[in-house]
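Hello,

Here is the structure I promised to pass on to you. My notes follow below it, and I hope they are handy as you look around.

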Amino acid sequence: MNGTAFSLNGIGYDVDGRTLLHPLTLDVPRGEVVGILGHNGSGKSTLLKILARFQTPTRGRAECLGQALGSFRAKEYARKVAYLPQQAPDTDGMTVKEVVALGRYPWHGALGRFSGNDRAKVEEALELTSMTAMADRIVDTLSGGERQRAFLAMLVAQDTECLLLDEPISALDINHQIEVMRLIQSLAHDHNRSVLIVLHDINMAARYCDQVIALSGGRLVAHDETEALITTDRLDAIYGVRMGIFRHPETQTPISYVL
């Protein structure tokens, strides 16, 4: 473990008299994939939006890379943290390369010159996500998995240390889910990105996440190494459903099923 990407101390969020996220305290490690699990309305997206600075917590304190979230200037924070929401941005007829180039905005601004370093970062991101051959394709013409890889390439080009991903595989079929999760795992383990990802698929989390944060009703239920968290009792506490566990015959990762 190489230190802490995010540190949360009593972070909570209330709106219109309702508590969407009860105070929680935890650390997110650097260079790992950390999954966020929980039923709909459990506070997963709220937590991610707080870390992305799209919402301001109503209590507690959060830090990114040892610095208070509120102390960063907007462009400075965008050089540290990249965020992909559930609803993908409108590409409006843009090519893959044009979309990926948007990731360089925090480094040169709206009126800044697109430098040689910017071009190199775009090419590197395309190569890393296996999108070089599709660089001139219109994003709207791509398959679901290819589109997600294009958006991930945009985040890679942003050249941040932390990636926040809100359900990036929820609309994909199984082969594209695996493709995207392998890429995300590689970004963390091989390229030292810190990834926090909202997932609904427990078995994808078990296979590709190093740690899991589990929420229920806006409360932190568990935060642990994936191997320790994917158990019958702990999944019951998260989802309120009895589940069985067996081991993958090759990887030995836990696989869950409803009893």
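This is a predicted model: local features need pLDDT of at least 70, side-chain atom pairs count only at pLDDT 80 or more; totals for chains, interfaces and linings use all residues.

**What I found**

Strand β4 (residues 59-64) pairs with β5 in the antiparallel sense over two bridges. Residues are numbered from 1 along each chain as its sequence is written, and side-chain values use heavy atoms, with hydrogens and water left out.

Back to that pair of strands: C64 stands opposite Q67 in β5. Both strands belong to an open sheet of four, in the order β2-β1-β4-β5, with antiparallel pairing. Its edges are β2 (18-29) and β5 (67-68), each of which pairs on one side only.

C64 is also of interest as a cysteine. With a disulfide taken as a pair of cysteine sulfur atoms within 2.5 Å, the count is zero. C64 is in no disulfide, and the nearest cysteine sulfur, that of C162, is 4.4 Å away. Likewise, C162 is in no disulfide, its nearest cysteine sulfur being that of C64. C64 counts as buried because its relative accessibility is 0%; buried means under 20% relative accessible area, exposed over 50%, and partly exposed in between (1.4 Å probe, protein chains only). C162 has a relative accessibility of 0%, so C162 counts as buried too.

C162 brings us to strand β7 (residues 162-166), where five of the five residues are buried. In a regular strand the side chains alternate between the two faces of the sheet. In β7 both faces are covered, with C162, L164 and D166 on one side and L163 and L165 on the other.

β7 has parallel partners. Strand β6 (residues 81-84) pairs with β7 over four bridges in the parallel sense, and Y83 has L164 as its bridge partner in β7. Strand β8 (residues 194-198) is joined to β7 by five bridges, again in the parallel sense, and there L165 has I197 as its bridge partner. Between β7 and β8 the chain passes through helix α7 (residues 174-189), making a right-handed β-α-β crossover (with the strands pointing away from the viewer, the path from the first strand over the helix to the second runs clockwise).

Further along, strand β11 (residues 243-247) and β12 run antiparallel and are joined by five bridges. M243 stands opposite V258 in β12. The hairpin of these two strands has six residues between them, and Q252 takes a positive phi near 65 degrees.

Y257 lies in β12 (residues 254-258) and counts as partly exposed because its relative accessibility is 37%. Together with F246 and L259, Y257 makes a nonpolar surface patch of about 330 Å².

Finally, R242 sits in the loop between α10 (232-239) and β11. R242 has 40% relative accessibility and therefore counts as partly exposed. The C-alpha atoms of R242 and S256 are separated by 10.0 Å, with the two residues 14 apart along the chain.

Like charges are joined within 9 Å, and nonpolar side chains (Val, Leu, Ile, Met, Phe, Trp, Tyr) within 5 Å. Accessible areas come from the Shrake-Rupley method with a 1.4 Å probe, and for residues only the protein chains shown count as cover.

Best wishes

Note on methods:
Two strands pair if DSSP finds at least two bridges between them. Patches are made of residues with over 30% relative accessible area and no salt bridge: like charges are joined within 9 Å, nonpolar side chains (Val, Leu, Ile, Met, Phe, Trp, Tyr) within 5 Å. A salt bridge is a side-chain nitrogen of Lys or Arg within 4 Å of a carboxyl oxygen of Asp or Glu.
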